[in-house]
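Let's take a walk through this structure together, one piece at a time.

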Amino acid sequence: MATAALRSQVAAKWHEGFNRLNRSEPGISGLLSFSQAWNIATDYLHPRDISDPTSVKHHDLPSVKASFDLINRSRRLPVMLETFLDDICDQYHLIVRDIEQYLAEYEESADTSVILRLVFRLVEWYRAWAPIDELGPTIRAAYTLTFQTQLFSILPPAFVRGFKALCASTLVPVAQLAPPMWEAFEVLGLTDRYEGIIASVGYERIEDYVRETCTGRWDKPCLEELRVWMTEQIVPWMLPMYAKGAGNTEDARGMLQNVGSRFDFHMNKTLCDLRTSEIFDIIIDFPDSNGALQDLKECLQRVDQRSSLVQALRKANRKRLLHPGADTKLILSQYVATIKCLRIVDPPGVLLFKVADPIRRYLRERPDTIRSIVANLVGDDDSGDSLVDENEPIQPLQQLETEDYNDPHWDPEPIDAGPDFRTNKPSDVISTLVSIYDSKDLFVKELQVLLAQRLLAITDDNFEKVEKERRNIEILKIRFGEAALQVCEVMLRDMTDSKRIDGHVQSQKASIVHPTIISRHFWPSLESSDIVMPGQFQALQTQYAKEFSTFKPDKKLRWLPHLGTVHLELQLEDRTIETDVPPLEAAFIELFSEKNTWTMDELIEGVGAVDRTAALKALITWIDLGVLKEDEENTFRLLEVTEEAAPSSRTAPTASETPTVTAAQQQQADQMRLYWKFIEGMLTNLGSLPLDRIQTMLRFAPGYDQTVEQLARFMEAARREGLVVGRDGMWKLNR
Amino acid sequence: MKVTVKHWHAVAQWRWDTGAEAEGNDENEDVCGICRVPYEGCCPSCKMPGDDCPLIWGECTHVFHMHCLLKWIGTPASKQQCPMDRRTWVTAERKIGNS
């Protein structure tokens, strides 16, 4: 169906093509010479099998060049290139064969040198197939691209594994064969293609090294050492890859900067992760773990891991610290260590604030927190390591302050600070501990109780202890203020006064009684007792009181017979026993000197009124000493002659360990009892009253400071004792 | 059996010997009529109880902290009278060993 126009068109094209190939040669000689040139060129370029020595052909380079020249002149070079590239694809099975062979060997031996040989072999292939340089960079680039694309498409996953192992093997120690290897990588384009893998080799090496060298090593900072290691080990390794073609060290440094900082970051992060996971133990080890904390501080500045540190520490605290199994003292000392540690890591205190919050809340719920803190303050700690750092200057408790915006050194709060974070947090440890509670009064009260216990335990043999207490109180005065500790001052003066008075009384009339004379109202309420000391004790008391009144005519003594200690000597028929006992024990044994057998009730009557448990405890003391024996229940007999120790039928009642000084909590109840009179009066006059009405009226009573809840608890207690009845929220007297 | 007391570390409280008083009642203790602080405490201007803040006895049998009373007597409104019964204040002789 060809029209004339089409025919002429085809003819024109054909003619043009012919002319191009034939050039201006006569006849078809140009065409012939082109065909010959094409054949030479394609034959030259044809990818050969390098493992087959027979395939090596020798070409006459000038004629090859001439051929390419001819093709170029006919502008058939692109077609030539296409044919060449197609040939490569066709021939690639040769390389695939080789790769498979090598990888099979590698799988078997897991020897990275096999991979290395494979790489070199691939380079051989690449070189063998490369077109001559005269063809220009374009063709060369096209060839490289095709070769690499093919290569990457056929490299199996096994190669990647092997490649990684190969890279890793060059790391330790830095191998000498490295440069040719990196060159080969470069030639094959492996460096670009597998950059991620090479980098991950570096990262893994860093991680391993950091874990290996730094785990559990907290005494000195590791970061510096790690940096040195990095420069010595990792940087030379990186050089051929990342700083290829760098003429001098300056260039190399510039090229390495980027990747180097990435590696440095990774090192920081690894160390930071490691320290974060160890943080709880680091705090336990403080101050021996100072180095680790310095590292952590530096790392946190580079790596944003603060929140994960907080998380980790909070979790560890919850799991290891804030549970019923942990001693309050332990929690406190860990808390203090946490304060000190986090102050190093993060001076503004944001981390501390976040971590401390659960600890503080937990401590507030513990009943003995205050006691522990105060015990520590006065150095009552058995363990001997004080919460308070001796180097820390003693300073008054700091109150939370509102921000001072006139402060020229004012800094905004750190960016991750929570809404209730305060920059002006008390900075010394004691202030921080005291601030767990809203008011310091509780501490002062507890301090008084503790001081009273300690002072009363002092006998005149070791009077220097009073001086020690005085020093303590002086220090505490700086913290809590003079006024708060005035009462303690009176207590201490009572101690010295007692000694002076006793000295005087003894000089007038020697007595074996050496009392501590205290100013009531200034000592925490001491449990009252109605013991009447029998026999010679009574005589001793009266005598001493008389001497005292002669010395201080306007004063008299009132004994607190249940306090103190008595040193006794018992002369029995076959033995003498010398021992230190509380007064109640002494009173009982005094009774036994009258007659040998007593019943419990007789004994209790003999010393006035005493709690049955306390009496039993006192008697058991003697039974344990082998002085008394309980023949039948509640009947005790003096053993003038030792008897075989019968198995003690009774064990000491557990609840008998009565503290001689009432704890602060108990005091509160006592205080409430004082207001019972008011309540009783109210209910007598007004019949029945609701609780809040009672509370309102009690407010008029001087010094009444109880809350409704406390009142409710008290009324409940009164109801249990049968003093009042409560119905429908109304209370009335029970009669 | 013979019990010998070698040494007794006892504890006692001191009280002012105010003469007439119901012994042994802790609850109804006497307070200074001026400052309402117990006698064994100290007046508001003192810090140490006892000899540093003594009591003063009046002929009218009323007893106060000495500092409290002197302060009262020092004010013109007092007209030198005992604050309790408005009789002219006469300090009683200390009745040493009279009981």
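**Where the two chains meet**

Start at the pairing between the chains: strand 3 (residues 555–571) of chain A and strand 1 (residues 2–16) of chain B run antiparallel and are joined by 13 bridges. Strands here are DSSP runs of E with at least two residues, helices are DSSP runs of H or I with at least four residues, and both are numbered from the N terminus. Two strands count as paired if DSSP finds at least two bridges between them. As one example, Gln571(A) has Lys2(B) in strand 1 of chain B as its bridge partner.

Before going on, a word on the model: it is predicted, so local features need pLDDT of at least 70 and side-chain atom pairs count only at pLDDT 80 or more, while totals for chains, interfaces and linings use all residues. Residues are numbered from 1 along each chain as its sequence is written, and chains are lettered from A and ligands numbered from 1 in the order in which they are written.

Taken as a whole, the meeting of the chains brings 28 residues of chain B into contact with 43 residues of chain A. Contact means that the C-beta atoms of two residues, placed from the backbone, lie within 7 Å. On the chain B side, the touching residues divide into 13 nonpolar, seven polar and eight charged. In this scheme Ala, Val, Leu, Ile, Met, Phe, Trp, Tyr, Cys and Pro are nonpolar, Asp, Glu, Lys and Arg are charged, and the others, Gly among them, are polar.

**Two sheets in chain A**

Now turn to an open sheet of three strands in chain A, with the order 5-8-7 and antiparallel pairing. Strand 5 (597–599) and strand 7 (628–632) stand at the edges with a single partner strand each, so one side of each has no neighbour in the sheet. From one strand to the next, the twist averages 30°. Three bridges hold the antiparallel pair of strand 5 and strand 8 (residues 635–638) of chain A, and Trp598(A) stands opposite Phe636(A) in strand 8. Across strand 7 and strand 8 of chain A lies helix 26 of chain A, running at about 110° to strand 7. Such angles run from 0 to 180 degrees between N-to-C directions, and axes are lines fitted to C-alpha atoms, for helices over the stretch in contact.

A second open sheet of three strands in chain A has the order 9-11-10, again with antiparallel pairing. Strand 9 of chain A is joined to strand 11 (residues 730–733) of chain A by two bridges, with Leu689(A) partnered by Trp731(A). Helix 28 (residues 676–686) of chain A lies across strand 9 and strand 11, at about 95° to strand 11.

Finally, look at two loops. His521(A), between strand 1 (516–518) and strand 2 (530–531) of chain A, has a positive phi near 80° without being a glycine. His521(A) is partly exposed, with 17 other C-beta atoms within 10 Å; the cut-offs are 20 or more for buried, 12 or fewer for exposed and partly exposed in between, with C-beta atoms placed from the backbone. Arg36(B), also not a glycine, has a positive phi of about 65°, and Arg36(B) counts as exposed with 11 C-beta neighbours inside 10 Å.
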